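Biologist: I've got a model open and I'd like to learn how to read its pockets and helix contacts. Can you walk me through it?

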Amino acid sequence: MKILICDDKPLQCEQTERAVRSGIASDTGYNVEMLAGSELKDSLTSFFSAVSGVLNGDSNLSSASINSNFDGFDALIVDNNLTGLGLDSARLTAETIIGYLRAFTDAPYIISLNKNPHVDFDLRYLFGDYQSLADLALNTQHLSNSRLWMQKSGEGFSPWYWPLVADAALRRREQFEFIAENLERPVWETLNFPPEADDYLSLRAKSPLSSTEGNPREASFEVFCESSRVLPPAEIKKLRELAARESEFATKAVRQISAYEVDRWLRRDVLGTQDVLIDLPHLVVQMPFLLGERGGDLASWNEVAKQKEPPFGLDAALFKTHLESALFYHTMWAPGPCFWWPSLKSNEQLAERFFAATGDWPDAVFCEDVSRFVHVTGSGETDSPQEFEAEVEGSWTRRYIAVVEECVYSPRSRILRSTA
């Protein structure tokens with residue numbers, strides 16, 4: 001995996017690089033490069049000159065004309081404060097350039113750095129920084145956390161919404177291909193939303209599908225580009241017009257913007273609420289009997305949260321009979337195994353099993369900040385989990401955190417009480 005770190009300050013860029021190398025440890029599968037100071041300034045100047053040519057419909061641009069120093073990487077890490085570059089423009093930040101990097105480079109995954117340096121875990125959205133245009137907003141110290149670079153460990157600070165960056169970049173490339181084949185197809189039909197999902201989607205989740213006249217179930221993937229805020233509205237409109245005239249660059253930009261927006265929508269508004277798509281640990285909370293004879297073992301609950309292959313640590317017979325048909329098969333759009341919750345909730349046989357189950361299930365909750373189940377009285381290493389109310393539109397707004405001592409959680413007003 002190739003990573004490019006961008007910063008206006010060379011010394012700070014080196015600090016970021018050390019943090020990344022600390023996180024990846026001895027893993028030789030990563031190649032980390034830096035672009036800082038005057039080199040970054042020159043690269044951005046050249047890049048935006050080429051972008052201007054694309055937006056102005058320059059017919060003399062060849063496929064190599066917009067080639068930039070930002071191409072050829074799997075992930076870009078961009079420091080938020082870039083004012084030290086001294087470019088003749090408004091205050092330059094990662095947020096002001098990320099949209100252009102997303103549309104006009106081949107880098108699939110973008111991380112914004114130090115936008116909120118005094119917050120480690122945002123208690124509002126279970127998604128990270130809701131306002132950032134990056135795929136993930138982190139602080140420099142987070143980059144040394146192996147959770148971002150290795151298989152989910154469930155040890156220490158390990159937010160559930162954090163991806164394995166290499167996996168996220170690979171899935172984004174698959175999303176580009178998916179969008180290229182399905183841009184004008186209906187989102188609802190193509191992603192196989194079950195009919196009953198309409199009653200479970202929040203108003204915010206429905207809004208992108210309702211941005212144009214007509215039946216929301218007929219809205220195409222392209223509407224996500226139309227309503228995107230990664231670029232100014234006038235430039236989004238221009239790109240779509242150029243794409244309609246078969247401009248190579250504009251077509252690619254529309255696809256890449258659409259892929260980002262669909263991914264963001266699914267993670268934040270569809271999966272984030274756990275009302276429409278539900279992932280493994282939250283499914284176990286709702287239906288612990290799905291573990292079969294191992295339902296009373298807390299270690300088995302935590303093993304399920306790490307599974308990637310069917311039957312995901314669940315009872316094989318129950319999975320085959322009831323869950324397999326509800327599995328979300330478009331894996332490039334989900335960070336882990338997910339199921340259509342409306343289909344499972346309306347399954348009368350599963351409901352009967354829930355009420356008939358006699359298992360002695362652990363008195364535990366899933367903690368979003370450490371990605372594992374913790375007993376309500378805590379453990380030898382942690383105090384009792386804390387309940388908090390997230391700012392999500394759905395029926396499951398209350399979640400739990402273990403509260404890692406050295407980390408900052410904000411806003412604190414959302415923490416409700418101890419579970420003990």
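**Pockets, cavities and packing**

Modeller: Start with the largest pocket, which has a volume of about 610 Å³. This is a predicted model, where local features need pLDDT of at least 70 and side-chain atom pairs count only at pLDDT 80 or more, while totals for chains, interfaces and linings use all residues. Residues are numbered from 1 along each chain as its sequence is written, and side-chain values use heavy atoms, with hydrogens and water left out.

Biologist: What counts as a pocket, and what as a cavity?

Modeller: Rolling a probe the size of a water molecule over the atoms shows where empty space is left. On a 1 Å grid over the protein atoms alone, a cavity is a set of points where a 1.4 Å probe fits but cannot get out, whereas a pocket is an open set with protein on both sides within 12 Å along at least five of seven lines. Lining residues have an atom within 4 Å of a point. Points are joined across faces, edges and corners, and the volume is the space filled by probe spheres set on them.

Biologist: Which residues lie nearest the centre of the largest pocket?

Modeller: Trp160, Tyr161, Trp162, Leu271 and Pro335, out of 38 lining residues. The elements giving two or more residues to that lining are α4 (165–182), α9 (248–271) and α10 (280–286). Helices here are DSSP runs (H or I, at least four residues), as are strands (E, at least two), numbered from the N terminus. The largest share, 5 residues, comes from α4.

Biologist: How does the lining of the largest pocket divide by class?

Modeller: Into 19 nonpolar, 7 polar and 12 charged residues. Ala, Val, Leu, Ile, Met, Phe, Trp, Tyr, Cys and Pro count as nonpolar, Asp, Glu, Lys and Arg as charged, and the others, Gly among them, as polar.

Biologist: And how many cavities of 30 Å³ or more are there?

Modeller: The structure holds 2 of them. The largest cavity has a volume of about 50 Å³, and its lining residues include Phe127, Asp129, Asp135 and Arg264. That lining splits into 4 nonpolar, 2 polar and 3 charged residues.

Biologist: Now the helices. At what angle do α2 and α3 pack?

Modeller: Axes are lines fitted to C-alpha atoms, for helices over the stretch in contact, and angles run from 0 to 180 degrees between N-to-C directions. Helix α2 (residues 37–55) and helix α3 (residues 94–104) pack at about 65 degrees, with their axes 11 Å apart. They are therefore roughly perpendicular to each other; angles under 35 degrees count as roughly parallel, over 145 as roughly antiparallel, 65 to 115 as roughly perpendicular and the rest as oblique. Contact (heavy atoms within 4.5 Å) involves residues including Phe47 and Phe48 of α2 and Tyr100 and Phe104 of α3. By class, this contact has 10 nonpolar, no polar and no charged residues.

Biologist: How do α3 and α9 pack?

Modeller: At about 120 degrees, with axes 7 Å apart, and therefore α3 and α9 are oblique to each other. Arg102, Ala103 and Phe104 of α3 meet Ala253, Gln256, Ile257 and Tyr260 of α9. Those residues divide into 5 nonpolar, 1 polar and 1 charged.
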